[in-house]
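Subject: The two-chain model, handed over

Hello,

Here is the structure I promised to pass on to you. Have a look at it first, and then read on for what I found in it.

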Amino acid sequence: MKRLKSMMAVLSAVSLLGAAGAAQAGATLDAVKKKGFVQCGVSDGLPGFSYVDAQGKYLGIDVDVCRAVAAAVFGDADKVKYSPLTAKERFTALQSGEVDVLSRNTTWTSSRDSAMGLNFTGVTYYDGQGFLVNKSLGVSSAKELDGATVCIQAGTTTELNLSDYFRANNHTYTPITYDTSDESAKSLESGRCDVLTSDQSQLYAQRIKLAKPDDYVVLPEVISKEPLGPLVRQGDEEWFDIVRWTLFAMLNAEELGVDSKNVEQMAKAAKNPDVARLLGAEGEYGKDLKLPRDWVVQIVKQVGNYGEVFERNIGSGSELKIERGLNALWNQGGVQYAPPVR
Amino acid sequence: MDTHVFKPDQPAPALSVGPLGWLRANLFSGWFNTLLTLLGLYLVWQIVPPLIDWAFIEADWRGETRADCSREGACWVFVGERFGQFMYGFYPQDQRWRVDLAVLLAVVGAAPLFVAAFRHKLRYGLAFLLVYPLLAWWLLHGGFLGLIAVPTSQWGGLMLTLVIAAVGIAGALPLGILLALGRRSDLPAIKVLCVTFIEFWRGVPLITVLFMSSVMLPLFLPEGMNLDKLLRAMLMVILFEAAYIAEVVRGGLQAIPKGQYEAAQAMGLGYWRMMGLVVLPQALKLVIPGIVNTFIALFKDTSLVIIIGLFDFLNSIKRATADPAWLGMSTEGYVFAAVVYWIFCFGISRYSQRLERRLETGHRH
């Protein structure tokens, strides 16, 4: 046992060394420029976040983050190569330098941010655990779910959140645990459980899988905080800033009314000083980040502002039809807030 | 003089011959069997008609999007639309002929080995084993001699499954035979080495091995050195399966009577010629079922590469079900996967039965 422990210590020391060696200020940007593309870790398939269409093209909100980083660095959003990663291997892939950015619906938590040699650069999507029920149940709030049979997916924090929530409300429930989202959707459909719980972004996808999606409704309650965002390796502040400000740029663009259609015109004749600074007509803010002057123009032109990306992938322009909710801008009732470019 | 004329035989009772007799003897021979038969019929009646209804009668075959499917039955439009991805993964569309050609060459090239009349099987087989992998690498990966490079990260679908399975089989069989010989060797060092190897690889699950290769290995390698993911997976599959093959072959070696060894030695054959000419040909013949069993398991186990993010056949299907445009098609996808896997595994098993019959492994006395 003792030997095992010391072996584990050696292993973890080696992995720390690897992580430390990989992170050197400026190293990532230089390496990325040298190889000519951003290597981006994405999910192996999550509706609306990262998936592959019939032509083999990667799409989704997580994918668009990678494309925006490439647009900022190279002026070409297509200079990305994707590494589909499973939930288990994602952090190692980033630590070992296999990918430059990890954009894979990963919840920002203190332990992940601090103990693994990784840094979250921002929040692309504020998610949270919710409930999907059949309308015929006549329930309009999760508070009325006392005694319900609940379908859950195993192996996630979902189970813990659920039991905490029901205990806090002094309610009882019967859990039925499934391995995949397909199984739990079928189970809800066949009436084996009254309610299905998962992250809200997933529930909308689950709903489409049902034969009659309109008979089901996502309840308003959100019982956990799941802020999803991209990560980079700790220690390379320059690269961290680039990925962080790529997202901020998209949010600022939406706030200032800059979208993919009007961006070029606005870049030429910007009256609003905020817009002029954002689009590089005034000041040298791109240079500070070691990016070209027109980095935001390229991001918005090729990928879109945050609102466009949201609506196209998971919002009203997609099959999922998720409402903006928490993900609306701060001045429109949400919590998406980006520091200004100046 | 009267001769006695025998009466003609009575025909057998109608209930004991013909279809009726067969039914009575096999399905309704007692109250218990009758009950079982009725129960079986009931189950078939419950399962088969709805299945046929779902898969064929109510199914939608034509269209382009999910809206073209009525959802009354199976929506094969989904499989049709994604067929290319299921077969080739992200292999560039205009280069897919290379995969087809590689498969065609494998079939044509291996064909003489299956013709009984062909004489130079051994020599031809060895030459084929040497030449074909190079040719296949050139065709599939390219990057030289006029073909553009298609990195392994773009390989996927059934093609990837076949590549992993074929490389696994081709690599594991010779390695496994060597390990089996080593385990029965009189030289202690070799014996210990082989026993350790076999017991180690048999002792860990394949999924763990793959996971280690993908997650732990990169941490030990110097930065910037990225061993190809597929290469890592194939190496692990070979080492893993070789341990199983070794034990199967060892079973065959132990079944060969001692007299065979002694006779070979008495004729002055050295170790390798004794093994190669006398013992192994008999031993391998005996263990064909075991080897084929391992290969079928290997073929199906390739889908475990899902854990390291390689998109083999099954994983390609799973990925396609995450497209919001096709949500809810998982049943169709998995049924398709099951049918394809079954065809391949059944094919392997039929071939092995033929091989056994031809080599007469049964020792008919």
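Let me start with chain B, where the C-alpha centres of domain 1 and domain 2 are 38 Å apart. In the domain assignment, domain 1 of chain B covers 21-60, while domain 2 of chain B is made of 76-91 + 150-359. Please keep in mind throughout that this is a predicted model.

**Chain B: the annotated spans**

The UniProt record, an unreviewed entry, marks "transmembrane region" in chain B at residues 25-45, 97-118, 124-150, 157-180, 200-221, 233-250, 270-288 and 334-351. I looked at two of these spans in the model. Residues 157-180 of chain B are 100% helix and 0% strand, with 34 Å between the end C-alpha atoms. For residues 97-118 of chain B the figures are 64% helix and 0% strand, and the end C-alpha atoms lie 30 Å apart.

B:Leu43 is part of helix H2 (residues 31-57) of chain B. Is B:Leu43 buried or exposed? B:Leu43 has 10 other C-beta atoms within 10 Å, and a residue with 12 or fewer counts as exposed, so B:Leu43 is exposed. Ten residues along the chain from B:Leu43 is B:Asn33, and 15 Å separate their C-alpha atoms.

The other is B:Leu145, found in the loop between helix H6 (121-140) and helix H7 (157-183) of chain B.

**Where the chains meet**

In the contact between the chains, 26 residues of chain B face 32 residues of chain A. On the chain B side, the elements that contribute two or more residues are helix H9 (206-215), helix H10 (217-220) and helix H15 (313-320) of chain B. Which of them gives the largest share? That is H10(B), with three residues. Sorted by class, the side of chain B that touches chain A holds twelve nonpolar, seven polar and seven charged residues.

**Chain A: domains**

Chain A has been assigned two domains as well: domain 1 (22-126 + 227-321) and domain 2 (129-224). Their centres, taken over C-alpha atoms, are separated by 32 Å. Seven residues from domain 1 of chain A and four residues from domain 2 of chain A take part in the contact between them. On the domain 1 side, that contact has four nonpolar, one polar and two charged residues.

**Chain A: helix packing**

Next, a pair of helices, H3(A) and H9(A). Their axes come within 9 Å and cross at roughly 105°. The range from 65 to 115 degrees counts as roughly perpendicular, and therefore so does this pair. From H3(A), the residues in the contact are A:Val65, A:Ala68, A:Val69, A:Ala72 and A:Val73, and they meet A:Ile242, A:Val243, A:Thr246, A:Leu247 and A:Met250 of H9(A). Nine of the residues in this contact are nonpolar, one is polar and none is charged.

Both helices turn up again around helix H14 (residues 306-313) of chain A. Six of the eight residues of H14(A) are buried, which leaves the helix mostly covered. The buried ones are A:Tyr306, A:Gly307, A:Glu308, A:Val309, A:Phe310 and A:Asn313. Their cover includes helix H3 (61-74) and helix H9 (237-255), along with strand S3 (58-59) of chain A.

**Chain A: two residues to look at**

A:Val263 belongs to helix H10 (residues 263-268) of chain A. A:Val263 counts as buried because it has 24 C-beta neighbours inside 10 Å. Leaving aside residues up to four places away in sequence, A:Val263 touches A:Val258, A:Val297, A:Val300 and A:Lys301. A:Ala253 is ten residues from A:Val263 in sequence, with 9.0 Å between the two C-alpha atoms.

A:Asn170 sits in the loop between helix H6 (158-168) and strand S10 (173-178) of chain A. This residue, not a glycine, has a positive phi of about 55°. A:Asn170 counts as exposed, because it has 7 C-beta neighbours inside 10 Å.

Note on methods:
Residues are numbered from 1 along each chain as its sequence is written. Chains are lettered from A and ligands numbered from 1 in the order in which they are written. This is a predicted model: local features need pLDDT of at least 70, side-chain atom pairs count only at pLDDT 80 or more; totals for chains, interfaces and linings use all residues. Domain bounds come from an automatic or database domain assignment. Ala, Val, Leu, Ile, Met, Phe, Trp, Tyr, Cys and Pro count as nonpolar, Asp, Glu, Lys and Arg as charged, and the others, Gly among them, as polar. A residue is buried if 20 or more other C-beta atoms lie within 10 Å of its own, exposed if 12 or fewer, and partly exposed in between; C-beta atoms are placed from the backbone. Helices (H or I, at least four residues) and strands (E, at least two) are DSSP runs, numbered from the N terminus. UniProt positions are given in the numbering used here, feature names are shortened, and annotations may be inferred rather than shown by experiment. Axes are lines fitted to C-alpha atoms, for helices over the stretch in contact, and angles run from 0 to 180 degrees between N-to-C directions. Angles under 35 degrees count as roughly parallel, over 145 as roughly antiparallel, 65 to 115 as roughly perpendicular and the rest as oblique.
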